[in-house]
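The following report sets out selected local features of the structure shown below, arranged by topic.

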Amino acid sequence: MTHDPNCLFCKIVHGTISSKKVYEDALVYAFHDIHPWAPVHFLLVPKVHIPSLAHLGPEHAALMGHMMTLAPKLALQEGCRPYPDGGFRIVSNTGAEGGQEVHHLHVHVMGGPRPWLRG
Ligand code: 5GP
Ligand code: ZN
């Protein structure tokens, strides 16, 4: 299934629920987290519905490579200072014990001056 009509992030990707867009291309969508933990906090998601990192197979390697090489560029674009004095944190909560609340694969990209609200 490429799209789950009951999934919050599928609705955000398709514009049914509004979001503050950070970036979009054919494969991914990035938007500001509604409850930011840090001065910079956005979510990067694949456009296709993949429930979590635990669902990845070899067919997703290019997509995940795209997300991981894109994230540092978007972090700088959104105001994170450069490595090594600046930087950012990437988190992908997976499953109940991993703290995942929305079951559409996403990476949190957080950064900016400390202290942060959480993390
Ligand atoms: P998880 O715990 O699944 O890794 O995190 C889900 C994240 O999605 C949370 O940080 C939460 O603030 C964010 N979130 C939940 N609902 C919405 C929403 O409707 N819009 C946006 N922009 N973020 C959301
Ligand atoms: Zn989804």
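This is a predicted model: local features need pLDDT of at least 70, side-chain atom pairs count only at pLDDT 80 or more; totals for chains, interfaces and linings use all residues.

L74 and A54 are 20 residues apart along the chain, and 24 Å separates their C-alpha atoms.

Strand β1 contains Y23. With a relative accessible area of 23%, Y23 is classed as partly exposed. The C-alpha atom of Y23 is 8.6 Å from that of L44, a residue 21 positions away along the chain.

## Zinc site

Which residues coordinate the zinc ion (ligand 2)? The donors are the SG atoms of C7 and C10 together with the ND1 atoms of H49 and H104, at 2.1 to 2.3 Å. The angles among the four donor atoms run from 106 to 116°, and the site is tetrahedral. The assignment follows because four donors count as tetrahedral if all angles lie between 85 and 135 degrees. Along the chain, the donors are spaced as C-x2-C-x38-H-x54-H.

C10 belongs to helix α1 (residues 8-13), whereas H104 sits in the loop between β4 (88-91) and β5 (107-111); the pair therefore ties together parts that are 94 residues apart in sequence. Both C10 and H104 are buried.

## Largest pocket

The largest pocket has a volume of about 570 Å³. It is lined by 25 residues, of which D33, I34, L43, E101 and H108 are the closest to its centre. Two or more lining residues come from each of the elements α1, β2 (28-32) and β3 (40-46). Among these contributions, that of α1 is the greatest, with three residues.

How does the lining of the largest pocket divide into nonpolar, polar and charged residues? Eleven of the residues are nonpolar, ten are polar and four are charged.

## Salt bridges

Side chains of opposite charge can pair when their charged atoms come close. The count of salt bridges in the model comes to two. In one of them, K21 pairs with E24, and the closest N and O atoms are 2.8 Å apart. This distance qualifies because the criterion is a side-chain nitrogen of Lys or Arg within 4 Å of a carboxyl oxygen of Asp or Glu. K21 is partly exposed, with a relative accessible area of 48%. E24 is likewise partly exposed, at a relative accessible area of 34%.

E24 also forms a salt bridge with K47, with an N to O distance of 2.8 Å. E24 lies in strand β1 (residues 21-24) and K47 in the loop between β3 and α2 (61-77), so this pair ties together parts that are 23 residues apart in sequence. Through shared partners, the salt bridges join K21, E24 and K47 into one network.

## Prolines and cis peptide bonds

Where is P39 located, and is this residue buried or exposed? P39 lies in the loop between β2 and β3. The residue is exposed, because its relative accessible area is 54% and the class begins at over 50%. Although P39 and R114 are 75 residues apart along the chain, their C-alpha atoms are separated by 8.4 Å.

R114 is also joined to P115 by a cis peptide bond, with omega at about 5°. P115 is found in the segment after β5. Another cis peptide bond joins Y83 and P84, again with omega of about 5°. P84 lies in the loop between α2 and β4.

Key: Residues are numbered from 1 along each chain as its sequence is written. Chains are lettered from A and ligands numbered from 1 in the order in which they are written. Side-chain values use heavy atoms; hydrogens and water are left out. Donors are N, O and S atoms within 2.8 Å of the metal (3.2 Å for Na, K and Ca); water is not among the atoms, so sites may look incomplete. Four donors count as tetrahedral if all angles lie between 85 and 135 degrees; four count as square planar and six as octahedral if opposite donors are over 155 degrees apart and all others between 65 and 115; anything else is irregular. Helices (H or I, at least four residues) and strands (E, at least two) are DSSP runs, numbered from the N terminus. Buried means under 20% relative accessible area, exposed over 50%, partly exposed in between (1.4 Å probe, protein chains only). On a 1 Å grid over the protein atoms alone, a cavity is a set of points where a 1.4 Å probe fits but cannot get out, and a pocket is an open set with protein on both sides within 12 Å along at least five of seven lines; lining residues have an atom within 4 Å of a point. Grid points are joined across faces, edges and corners, and a volume is the space filled by probe spheres set on the points. Ala, Val, Leu, Ile, Met, Phe, Trp, Tyr, Cys and Pro count as nonpolar, Asp, Glu, Lys and Arg as charged, and the others, Gly among them, as polar.
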